[in-house]
Amino acid sequence: MARAMPRRARGIPFAYIALAASVHGATGSGKRDDVSSLVLGAAAAAAIGCRPQLALPVLPFLTVVLALDRSWRRALLTVTAFGLVCLAWFVPLVLAFDSWD
């Protein structure tokens with residue numbers, strides 16, 4: 001049985017979600033620059049890395065944000081940051097168990 005997350009650390013994934021949401025709404029108009037696109041992708045991936053079950057609300061949120069932004073460049077930056085941060089937690093997890101099985 002998996003150990004429960006310590007009580008003091010339970011809010012960390014939700015802090016990442018709040019960071020992702022605040023980055024999107026920081027300018028007030030919904031427009032984002034390159035840095036906020038990178039932070040959005042990284043924060044969403046970090047939230048999923050802390051609590052994988054948060055993929056259910058985070059991935060649709062990320063999809064809607066990218067669809068509303070309508071900038072291919074910022075979408076590519078967001079998806080790239082998301083992918084790199086996901087790899088940063090997924091690869092060590094697979095290596096810790098010594099296989100894909």
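The secondary structure of the chain consists of four helices and zero strands, where helices (H or I, at least four residues) and strands (E, at least two) are DSSP runs numbered from the N terminus, and from that terminus on the elements run α-α-α-α. This is a predicted model, in which local features need pLDDT of at least 70 and side-chain atom pairs count only at pLDDT 80 or more, while totals for chains, interfaces and linings use all residues. Residues are numbered from 1 along each chain as its sequence is written, and side-chain values use heavy atoms, with hydrogens and water left out.

Of the 101 residues in the chain, 30% are buried, meaning under 20% relative accessible area, with exposed being over 50% and partly exposed in between (1.4 Å probe, protein chains only). The chain exposes about 6900 Å², and carbon and sulfur atoms supply 70% of that area, as computed by the Shrake-Rupley method with a 1.4 Å probe. If one takes the contacts (heavy atoms within 4.5 Å) between residues at least 6 apart in sequence, 66% of them join residues at least 24 apart.

Two packed helices are described by the angle between their axes and the distance between the axes. Helix H2 (residues 34-50) packs with helix H4 (residues 72-96) at an angle of about 35°, their axes being 7 Å apart; axes here are lines fitted to C-alpha atoms over the stretch in contact, and angles run from 0 to 180 degrees between N-to-C directions. Residues that meet in this packing include Leu 38, Gly 41 and Ala 45 in H2 and Leu 77, Ala 81 and Trp 89 in H4. The residues of the contact divide into 13 nonpolar, four polar and three charged.

Leu 77, which lies in helix H4, is partly exposed because its relative accessible area is 23%. Leaving aside its neighbours within four places in sequence, Leu 77 is in contact with Asp 34, Ser 37 and Leu 38. Leu 77 and Gly 41 are 36 residues apart in sequence, and their C-alpha atoms are 7.8 Å apart in space.

The structure also holds one aromatic pair. The ring centres of Trp 89 and Phe 90 are 6.1 Å apart and the ring planes stand at 85°, so the pair is edge-to-face; rings of Phe, Tyr and Trp (its six-membered ring) pair if their centres lie within 6.5 Å, with planes under 30 degrees apart counting as stacked, over 60 as edge-to-face and the rest as tilted. Trp 89 counts as partly exposed at 28% relative accessibility, and Phe 90 counts as partly exposed at 33%.

Notes. Nonpolar A, V, L, I, M, F, W, Y, C, P; charged D, E, K, R; others polar.
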